[in-house]
Amino acid sequence: MSEQNDYAGQGSVLINEMYESWFLDYASYVILERAVPAAEDGLKPVQRRIMHAMKEMDDGRFNKVANIIGQTMQYHPHGDASIGDAITNIGQKDLLIETQGNWGDVRTGDSAAAARYIEARLSKFALEVAFNAKTTEWQLSYDGRKNEPVILPMKFPLLVAQGAEGIAVGLSTKILPHNFCEIIEAAIKHLKGRKFELYPDFLTGAMMDVSNYNDGARGGRVRVRCRIEESDKKTLLIKDVPYGTTTTQLVDSILKANDAGKLKIKSVTDNTAKDVELAVQLAPGVTTDQTIDALYAFTDCETSISPNACVIIGDKPHFVGVSDLLKRSVEDTKQLLLKELEIKLSELEEDWHYSSLEKIFIEKRIYRDIEEQTTWEGVLNAIDVGLKPYKKSFRRDITQEDIARLTEIRIKRISKFDSFKADEHIKGVKAEIEDVKNNIANLNDFAIRYYENLLKKYGKGKERHTEIRPFETINVTTAAIANTKLYVNYKEGFIGTGLKKDEFAFDCSDIDNIIVFRKDGKMIITKVGDKTFVGKDIIYLAIFQKNDERTTYNMLYVDGKTGITYGKRFNVTGITRDKEYDLTRGNNNSKVLYHTANANGEAEVITITLSPGCTARNKVFDFLFEELEIKSRSAQGNQVTKYPIKSIRLKEKGKSTLSAPKVWFDSSVGRLNRDNTGSLLGRFDEKDRIIAFYKDGTYEITDFEVTNRYDTDNLLLIEKFVPEKIVSAVYFDNKAAQYNAKRFLIESQTLRNRYSFIKEGEGNYLAVVTTIQEPTLLLRIGKKKTDLKESKLSLYETLDVTGWKAVGTKIADSDTREISLILPGEEQVSEDDAPTLF
């Protein structure tokens, strides 16, 4: 029995040891042989074997992918499906492989046709940068029958260009693709000792915020958005997909958000063909701006990608940035170019040596010296003796192999030998030798020319697809559609969406926070739920807006210990959710006598009636909240009276005690804000409006909600709208080939409608627009840039005010190179009237 236990104990030790060894072996295999690319050539092993197999098969014609899969399996027993997927992945990146047939679509998620139906061949770019048998290190394949490359001699930062993604044991890698032309330009900058920056570029297009990219290293993040255009007031068009997302996934995410009530749409239709187009039909009562925000906030229209550049360097995984990868690749490329130059120099010197040897052998008729020789040794010796007078002119010793090679020259070649051609050949080889030596001596300049040649040959059609621009932060609670109803039981202290037998409070979204005030002077903020207890005797509840510094709460409460009534005004900007806050002095039996919430800091007047039995001389008096300063919620407030209060009634509605809010316009994102970002448009009261003028000759009047979006690519001027201001505009009439000017007042003022105020016609555009009282233009006229004449034109003195639909008056011909507005230096623009020009 004890022997069996000993045996069992030894077995468990062996199994543990085997497990440790096997797991480490497996982890190393997955990391090195499957998931993580090598830094030198940017390829995983299966990709490298595919490229080598295609090079072996290359004859300039397309090959069936099924044949390529079979050829690849000679070097390693990868599964045919995994090889096929890897080939498809390389082909869809449109760099190393030229494709023929249906290779699928990364935008829609459609898969490629079966391997027997599609064809591929190496691109000219791949043949130039990825292969050179003379500089390749070789190893035996898995069965010892074939040679395969250890690393391809890649003379291009392929890993940075194509990107890579893989999950191994205990680590993963995610390198985003970058733009071909920008990579080469960055490589040239590095060789010149200049700084460079690299940002991702996706074949799927879209827009990208790279403010947190962190050079593609761990901890970085990029935000990617699809472009959304407004077709009309009820239709939005999605024009591309974020990287890593398909149109099918995008449609599913939109429908899911709609079902969850995050946004309201009628339908979404996928019209994708050559170009991506998803048509989103809006539900009644929903604006396009609000829906765009909701699409970015709650669907895959915006995605966040976290790069994690991990590569194999020296048989070990390393975490690096893309700039380091590019620098390493450039230095490796220099060494490969040096090797190629050294090999070429050796070959040229050998060519020069033998060509010179052959010329002397034939011209000096040394071949006649071997006619009387009867042995091989005699023949070699006779030639050696004949060459002896000329040996000093050679760059190296003449070997027995050189002499033996001379004996192989045929009589036909000797008889047709052209001394002039031989001299020209030797001279050309000598010039090439000098050129190669010069390139070796100036290797850095040679590498720069190499990259410039790549850009010239292959850069066309590889311009940037993804637009780099900063994104605004979308407040999800603001973007969310009110998708549920909130009910309240004021007496028992319950709120929730499931209390349908109780009193309806208001519509809200299921991600909103609710602020609640109670009779006992306590306040709590909680998330919308099915049924939540917030405390008995609720006196007020509303949707809470974080960091809202304008909503002001006016309150009177009686202290439970002293009986003194206090008044206070305060804001609630930020709190801890589900935590009770005491708004009184904290004594038991304190209670709220009066409470109002005021969106713009209004301060009302109330009439207070004291208890008839109190000793106060004046038992009825008015209290003005405007006399109180707005303080923190924890302040005790100012004493109002020490006597008991019988009743409080509103005498006069309050006026705002806050100045009108300032509004800024951030042209980088095309949004309004109150965060001092961008250009100040001015202070805005409730009825104030904004006017925007566009290059297509239209204007639009809007409110000043921060959810508004403006087409910055087409925007010329945005400012606070003043109906009495005269608009002066200059536009180009393409058909008449002339510039027209007009001055008019804004008449149509319907919000969010675009009104055209220039003559309709293809090629017509708005050149200048202003609301300055006395505008003056500077015209630069001339057919050549070097011969321009300047003249000034006062629109105020020249033109009368007409209707906004008038054609206008001709002020210049098409030979006018430039029309600009002269801003008067003495004129000061106040913060209440600050235009933003583009």
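These legends go with a set of close-up views of a predicted model.

**View 1. Helix 2 crossing helix 3.**
Here we're looking at helix 2 (residues 45–57) and helix 3 (residues 65–72), whose axes come within 9 Å and cross at roughly 110 degrees. Angles of 65 to 115 degrees count as roughly perpendicular, so that's the label for helix 2 relative to helix 3. On the helix 2 side, the contact is made by Arg49, Ile50, Ala53, Met54, Glu56 and Met57. They meet Asn67, Ile68, Gln71 and Thr72 of helix 3. Sorted by class, the residues of this contact come out as five nonpolar, three polar and two charged. As for handedness, the crossing of helix 2 and helix 3 is right-handed.

**View 2. Helix 7 against helix 10.**
Another helix pair: the axes of helix 7 (residues 180–191) and helix 10 (residues 322–363) come within 10 Å, with a crossing angle of roughly 70 degrees. That makes helix 7 roughly perpendicular to helix 10. Helix 7 brings Ile183, Ala186, Ala187, His190 and Leu191 to the contact, while helix 10 supplies Leu326, Lys327, Val330, Glu331 and Lys334. The class tally for helix 7 with helix 10 is six nonpolar, one polar and three charged residues.

Zoom in on strand 34 (residues 662–666) and strand 36, and you'll find four bridges joining them in the antiparallel sense. Valine 663 sits opposite glycine 682 of strand 36.

**View 3. Strand 29 and its two antiparallel pairings.**
Strand 29 (residues 602–610) is mostly covered, with seven of its nine residues buried. It pairs with strand 33 (residues 645–656) in the antiparallel sense over eight bridges. Strand 29 also pairs with strand 30 (residues 620–624), again antiparallel, over five bridges. As a reminder, strands of a sheet pair through backbone hydrogen bonds.

**View 4. Glycine 386 in helix 11.**
Glycine 386 lies in helix 11 (residues 376–387). Its relative accessibility is 16%, and since buried means under 20%, glycine 386 counts as buried. Skipping neighbours within four places in sequence, glycine 386 is in contact with Ile366 and Asp369. If you want a distance to check, the C-alpha atoms of glycine 386 and leucine 348 are separated by 25 Å, and the two residues are 38 apart along the chain.

**View 5. Threonine 291 in helix 9.**
You'll find threonine 291 in helix 9 (residues 288–298). At a relative accessible area of 1%, threonine 291 is buried. Not counting residues up to four places away in sequence, threonine 291 touches Leu236, Leu282 and Val286.

**View 6. Glutamine 639 in strand 32.**
Glutamine 639 belongs to strand 32 (residues 638–641). Its C-alpha atom is separated by 4.4 Å from that of tyrosine 566, although these residues are 73 apart along the chain. Leaving aside neighbours within four places in sequence, glutamine 639 is in contact with Ile564, Thr565 and Tyr566.

Most residues other than glycine have a negative phi. Asparagine 214 isn't a glycine, yet its phi is positive, at about 60 degrees. This residue is in the loop between strand 8 (207–212) and strand 9 (221–225). With a relative accessible area of 46%, asparagine 214 is partly exposed. Aspartate 537 likewise has a positive phi of about 60 degrees without being a glycine. Its loop runs between strand 23 (532–533) and strand 24 (538–543). Aspartate 537 counts as partly exposed, at 42% relative accessibility.

Conventions: Residues are numbered from 1 along each chain as its sequence is written. This is a predicted model: local features need pLDDT of at least 70, side-chain atom pairs count only at pLDDT 80 or more; totals for chains, interfaces and linings use all residues. Side-chain values use heavy atoms; hydrogens and water are left out. Axes are lines fitted to C-alpha atoms, for helices over the stretch in contact, and angles run from 0 to 180 degrees between N-to-C directions. Angles under 35 degrees count as roughly parallel, over 145 as roughly antiparallel, 65 to 115 as roughly perpendicular and the rest as oblique. A crossing is left-handed if the near helix is turned anticlockwise from the far one by less than a right angle, and right-handed if clockwise. Contact means heavy atoms within 4.5 Å. Ala, Val, Leu, Ile, Met, Phe, Trp, Tyr, Cys and Pro count as nonpolar, Asp, Glu, Lys and Arg as charged, and the others, Gly among them, as polar. Two strands pair if DSSP finds at least two bridges between them. Buried means under 20% relative accessible area, exposed over 50%, partly exposed in between (1.4 Å probe, protein chains only).
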